[in-house]
4 protein chains.
Amino acid sequence: MLRIGLLTSGGDCQALNATMRGVVKGLANNVKDLEVYGFMNGYKGLIYSDYRMLSAKDFSGILTQGGTILGTSRQPFKLMRTPDANGLDKVEAMKHTYHKLLLDCLVILGGNGTQKTANLLREEGLNIIHLPKTIDNDIYGTDMTFGFYSAVNIASDAIDCIHTTASSHQRVFIVEVMGHKVGWLTLYAGIASGADVILIPEIPYDIEKVCEAINRRKERGSGFTILAVAEGAIAKEDAALPKKELKKRQEEIAKKYPSVSYKIAEEIEAKTGMEIRVTVPGHMQRGGSPCPYDRVLSTRLGSEAAQLILDKQYGYMVGMVNGKVKKIPLGECAGKLKTVDPNAQEVLQAKRMGISFGD
Amino acid sequence: MLRIGLLTSGGDCQALNATMRGVVKGLANNVKDLEVYGFMNGYKGLIYSDYRMLSAKDFSGILTQGGTILGTSRQPFKLMRTPDANGLDKVEAMKHTYHKLLLDCLVILGGNGTQKTANLLREEGLNIIHLPKTIDNDIYGTDMTFGFYSAVNIASDAIDCIHTTASSHQRVFIVEVMGHKVGWLTLYAGIASGADVILIPEIPYDIEKVCEAINRRKERGSGFTILAVAEGAIAKEDAALPKKELKKRQEEIAKKYPSVSYKIAEEIEAKTGMEIRVTVPGHMQRGGSPCPYDRVLSTRLGSEAAQLILDKQYGYMVGMVNGKVKKIPLGECAGKLKTVDPNAQEVLQAKRMGISFGD
Amino acid sequence: MLRIGLLTSGGDCQALNATMRGVVKGLANNVKDLEVYGFMNGYKGLIYSDYRMLSAKDFSGILTQGGTILGTSRQPFKLMRTPDANGLDKVEAMKHTYHKLLLDCLVILGGNGTQKTANLLREEGLNIIHLPKTIDNDIYGTDMTFGFYSAVNIASDAIDCIHTTASSHQRVFIVEVMGHKVGWLTLYAGIASGADVILIPEIPYDIEKVCEAINRRKERGSGFTILAVAEGAIAKEDAALPKKELKKRQEEIAKKYPSVSYKIAEEIEAKTGMEIRVTVPGHMQRGGSPCPYDRVLSTRLGSEAAQLILDKQYGYMVGMVNGKVKKIPLGECAGKLKTVDPNAQEVLQAKRMGISFGD
Amino acid sequence: MLRIGLLTSGGDCQALNATMRGVVKGLANNVKDLEVYGFMNGYKGLIYSDYRMLSAKDFSGILTQGGTILGTSRQPFKLMRTPDANGLDKVEAMKHTYHKLLLDCLVILGGNGTQKTANLLREEGLNIIHLPKTIDNDIYGTDMTFGFYSAVNIASDAIDCIHTTASSHQRVFIVEVMGHKVGWLTLYAGIASGADVILIPEIPYDIEKVCEAINRRKERGSGFTILAVAEGAIAKEDAALPKKELKKRQEEIAKKYPSVSYKIAEEIEAKTGMEIRVTVPGHMQRGGSPCPYDRVLSTRLGSEAAQLILDKQYGYMVGMVNGKVKKIPLGECAGKLKTVDPNAQEVLQAKRMGISFGD
């Protein structure tokens with residue numbers, strides 16, 4: 001008899017279902033008596049013992065299905081240690097549910113915040129496997145997270161669509177891509193779709209340099225310019241502020257503009273006199289059917305997670321390192337962020353071709 | 001010898017290239033000496049005699065290509081009669097170019113505004129054929145315009161993507177669909193993607209009714225609701241205002257919100273306490289490769305336009321009526337708008353299934 | 001209390017689920033006590049009383065899902081009157097199941113064969129509504145069937161893919177499109193994707209004319225040619241045979257070639273010395289998610305079927321006529337086929353542009 | 001002044017244009033006087049001095065365009081040393097063209113055969129850069145080739161489409177995937193789309209085992225089974241034959257069946273009595289627009305190739321190794337094939353989930 005729990009936590013993304021299918025098929029095919037408990041809506045389901053028993057049938061036909069059959073919720077790590085409104089200690093409650101159900105292992109799908117809580121539960125003695133989910137690809141210890149390439153596809157489609165309309169109208173367009181802290185998604189979607197300017201959090205931009213790039217294109221006869229801008233793109237002068245002042249500054253910006261692209265559009269208009277249009281695909285980037293790349297990645301990670309459970313090896317994230325699926329001790333990766341090095345190959349390769357990063 | 005001019009005017013959309021290909025292939029295959037003059041950037045090219053000679057090769061491989069190889073520009077009809085900065089009479093300038101190049105016919109691709117100018121040129125004695133382009137499907141006299149179904153596909157994809165994330169997070173989402181004056185695009189994309197609420201300009205909404213629909217879903221256990229909202233959605237109380245006050249009101253709204261969806265989101269949040277997310281695919285809806293439906297439509301309209309030119313029949317829009325390509329006298333359709341009847345079959349069919357229009 | 005039965009019969013296609021969703025949502029929203037019986041695997045489920053009760057939940061999330069949640073089977077009309085292996089009279093068995101369950105109406109989704117049986121059941125006194133499903137768009141009495149445009153999309157994608165490889169290699173390619181008796185799918189996919197030659201059952205081809213078209217392109221400098229060929233494409237000399245000899249001839253062909261395209265490829269190679277490649281997307285054309293066009297169509301037809309049931313109006317197919325959903329008496333359309341008129345607008349428009357039909 | 005030559009050779013695939021764009025943009029942005037010679041139709045253009053001068057404009061807008069703007073042709077390595085019909089020594093002719101045009105470097109895009117000739121030219125003293133193109137991902141020395149993931153997407157789409165129709169009809173389907181010698185494409189598309197059986201050249205199949213897998217699914221209540229079968233799938237008994245007999249055997253099979261899938265279908269039908277359908281997407285897998293993954297990969301490889309040329313570092317393939325773009329000496333990789341290890345992680349992970357490889 002093997003009893004496992006499953007939960008998906010944090011902002012949703014594609015291939016969550018595909019990953020869970022990988023885990024469960026990998027186990028069901030090798031274990032006689034398997035019980036799968038699906039906790040609803042992220043850690044909430046674990047805290048409040050809200051779960052349903054899942055059978056093989058629940059995992060049939062979900063390989064290509066977006067979202068998560070378990071639901072999810074954002075659960076900031078910081079609040080995990082804070083008792084809830086009724087005074088319930090959340091960590092103890094999670095442990096209680098785990099032990100009550102006699103779980104052999106809890107498989108947790110999520111991003112950085114989720115991973116921190118997963119590590120905390122590991123430290124509290126639970127058997128944990130973590131699977132790295134996020135469209136941001138910012139999880140330390142794995143080369144790739146599932147969701148990333150599906151989101152790249154959607155963001156690239158958006159820029160591709162804008163391309164035909166921009167070139168027909170000779171306009172400047174900003175496409176805002178998800179990513180508050182890291183720029184992988186913007187960088188890859190920007191390169192994939194031939195963006196002329198790419199602005200990411202890791203490389204603060206100088207608005208003068210951005211406008212120069214636009215004008216340079218104009219002089220060369222290309223009347224349109226497309227900017228791929230991460231949600232977390234930041235101006236050089238702001239990036240230089242002390243932390244406290246920066247926070248204040250960001251709150252000012254948030255009050256004045258729906259998002260950073262509108263601020264940048266205003267600055268460019270002021271400096272170049274050109275008309276700028278902003279497109280914000282937003283949550284579309286988390287949705288829809290996972291792309292085949294992600295389905296393969298998810299299935300492989302899920303199947304390997306099953307093997308770890310069969311081998312009673314707990315306390316790991318299952319990630320992809322140099323093309324091989326590897327187990328990485330949670331203690332080594334939890335709490336760390338994988339950001340874009342301003343001198344990363346991708347950045348230098350893009351710059352070589354004339355793509356401006358505004359620096 | 002046959003000499004024709006081609007121009008694309010107004011906001012761009014998919015299948016402009018496919019349509020021009022239809023016209024030119026339909027002629028080239030039946031006329032020995034054909035000269036094709038492509039005017040650049042809409043009526044501007046005609047006014048300022050900015051054109052290039054096009055050969056068969058220019059139309060090869062563009063069937064699936066978005067945008068327009070001629071460029072386009074928005075040229076409000078009202079200003080056509082106003083002399084330009086140098087005192088040039090624009091209408092006379094257009095006639096001059098036409099006659100100077102000894103054109104037999106000028107083929108004009110565009111929407112309502114473009115059509116009005118096309119009709120004006122017809123009244124001025126030029127041989128004109130108009131082809132109905134717009135993602136809005138609001139051109140009177142034709143059942144369908146090219147661009148419409150390509151845009152429906154993009155807007156539907158957006159709503160589909162939002163569906164998976166909305167259902168995973170139990171959230172209320174607004175997807176804003178293009179359409180300032182007419183709601184066809186929102187109506188069709190909304191039905192195609194299972195939106196729960198559809199708000200269009202032709203059916204002013206009562207925010208109470210909208211919130212009721214959201215709450216009704218919640219009570220039935222569906223924690224998420226998706227609203228497809230047209231850019232021109234309007235509140236009942238605003239729709240009732242006299243024209244002058246309405247304009248003032250709309251200016252106020254435009255100052256306060258990036259677009260109408262943000263206003264509606266604020267109202268729903270205030271009334272229901274629920275958190276709402278807004279997604280604005282925006283100009284994406286005009287871009288990308290035309291869908292096969294539009295490619296067939298465009299090719300058929302273009303080929304039929306060629307036949308009209310071969311038959312020296314001018315002064316028509318070529319449209320689709322009851323599944324057949326027909327010629328419609330420009331004088332009969334120019335200046336009229338095809339809006340959604342609040343009692344249209346589509347609306348009643350949607351309501352029957354429980355979709356709310358907020359009325 | 002309202003009790004309805006649902007079944008899907010014949011070759012599957014896209015939007016079967018979307019249509020059933022339309023019917024059930026249209027009813028559930030207007031009837032207090034609704035019981036829905038889903039018969040499994042086409043008429044088989046009705047004959048052998050194999051059904052399951054369906055609830056609203058079964059129809060949630062299936063709008064975009066291909067296939068049919070009820071399963072289907074091909075059930076040739078001719079055999080309907082033949083008793084089964086156990087001597088069971090199938091028509092009586094179907095009536096028995098219908099009456100046993102106290103059904104108010106049986107909603108049947110299917111193509112021509114299915115429709116004939118539906119009409120037979122109507123003649124036997126059952127309350128029947130038929131909804132026109134087929135990728136072939138060959139059902140008499142409706143301008144459009146659901147499944148058609150989804151299949152057009154897939155066949156067009158196939159030809160589009162072949163286009164890039166054909167032009168890179170300067171090769172002749174045949175893409176075989178579904179359609180044994182009618183050519184709508186081939187005609188529309190061919191036009192949509194810029195096929196150079198379109199061969200359909202309704203216009204028998206002369207292989208000499210086909211080769212001329214290929215050679216003409218070669219002479220003009222286009223080294224590649226793409227042929228969209230319907231499964232039922234037929235040579236002029238074969239089409240002229242008396243029915244009996246034709247059947248013999250077709251059996252010979254079927255023995256020698258996997259499908260007609262291979263025969264045509266052999267003929268072209270023999271006559272032109274060029275190398276031909278054949279691609280057969282096959283059953284792909286019935287699968288995958290329905291396109292937004294089909295989802296709107298299906299939802300509208302389904303919702304209107306619900307209204308007919310609410311109004312106790314039975315014995316109709318619900319179809320689309322001149323852009324409006326209409327009810328068509330089953331007795332008027334059953335047993336008739338809607339084929340491509342060799343002088344249809346679409347054919348003439350294509351020919352005008354230089355597309356060869358081999359005639 | 002820098003003069004480079006470009007050619008694309010072998011079966012075409014997606015992202016050839018994107019790669020050339022990367023090379024040329026990477027150079028044009030860093031070199032004052034750049035001359036780009038595009039050789040037409042693979043090595044043929046180099047042999048017969050058939051080329052055209054390319055400007056920046058030729059590379060604009062081709063990032064998303066399938067095929068190759070230069071054309072291509074299959075040029076078996078073995079024949080390179082054989083004089084042509086006019087007695088021309090092909091290798092000498094290529095060297096002559098290269099030197100005549102004063103090229104600084106020749107950039108060659110192609111697969112294994114192309115690479116061997118590229119290496120031969122390097123040995124003859126030409127400055128060569130090779131870029132690894134193939135949907136097969138079988139080039140030794142690089143983890144990934146461009147074209148692979150675009151082809152995975154198309155093959156997966158095919159299997160996805162078949163999935164809905166297979167499950168509706170309870171049928172067994174074979175989808176034949178490209179790959180005569182290596183199974184990467186079938187393996188990845190099969191995993192991505194939930195194939196139940198995957199047959200690849202590297203793992204010879206036992207038809208009994210294949211039928212067992214089908215029957216096992218039937219017993220468990222899944223009436224349909226999907227097989228992803230590589231073109232080069234081989235039966236165990238054939239794989240065991242001595243080379244000479246094997247060749248004879250393969251010729252027999254080729255005479256009897258259009259492709260291997262039809263043979264396997266026949267065997268399964270004979271053993272299980274089930275009806276099998278075969279789908280062959282064929283050349284579709286090489287066509288269409290490259291996916292964003294491939295566009296990023298191609299752009300990165302192309303840009304890095306530009307850097308090598310700027311640094312006068314010749315004689316390399318530019319590949320992807322452990323996520324980094326690296327240069328690999330042509331002498332080290334030419335002539336070697338990267339096949340699927342029967343114990344590769346991907347295979348074991350798939351088997352763990354119950355996917356059968358027929359072994």
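Mentor: We'll take one residue, then one interface.
Mentor: This is a predicted model, where local features need pLDDT of at least 70, side-chain atom pairs count only at pLDDT 80 or more, and totals for chains, interfaces and linings use all residues. Residues are numbered from 1 along each chain as its sequence is written, chains are lettered from A and ligands numbered from 1 in the order in which they are written, and side-chain values use heavy atoms, without hydrogens and water.

Trainee: Is D160(B) buried or exposed?
Mentor: Buried, with a relative accessible area of 18%. Buried means under 20%, exposed over 50%, partly exposed in between (1.4 Å probe, protein chains only).

Trainee: What does D160(B) touch?
Mentor: S193(B), T64(C) and R295(C), leaving out residues up to four places away in sequence. Touching, or contact, means heavy atoms within 4.5 Å.

Trainee: New topic. How many residues of chain A are in contact with chain D?
Mentor: 39, and they meet 38 residues of chain D. The two chains bury about 3,500 Å² between them, 52% of it on carbon and sulfur atoms. That is accessible area (1.4 Å probe) lost on being put together, summed over both.

Trainee: Which residues of chain A lose the most area there?
Mentor: R300(A), R352(A) and M353(A), together 22% of what that side buries.

Trainee: And how many salt bridges between chain A and chain D?
Mentor: Six. A salt bridge is a side-chain nitrogen of Lys or Arg within 4 Å of a carboxyl oxygen of Asp or Glu. One links E304(A) and R352(D), with the closest N and O atoms 3.3 Å apart.
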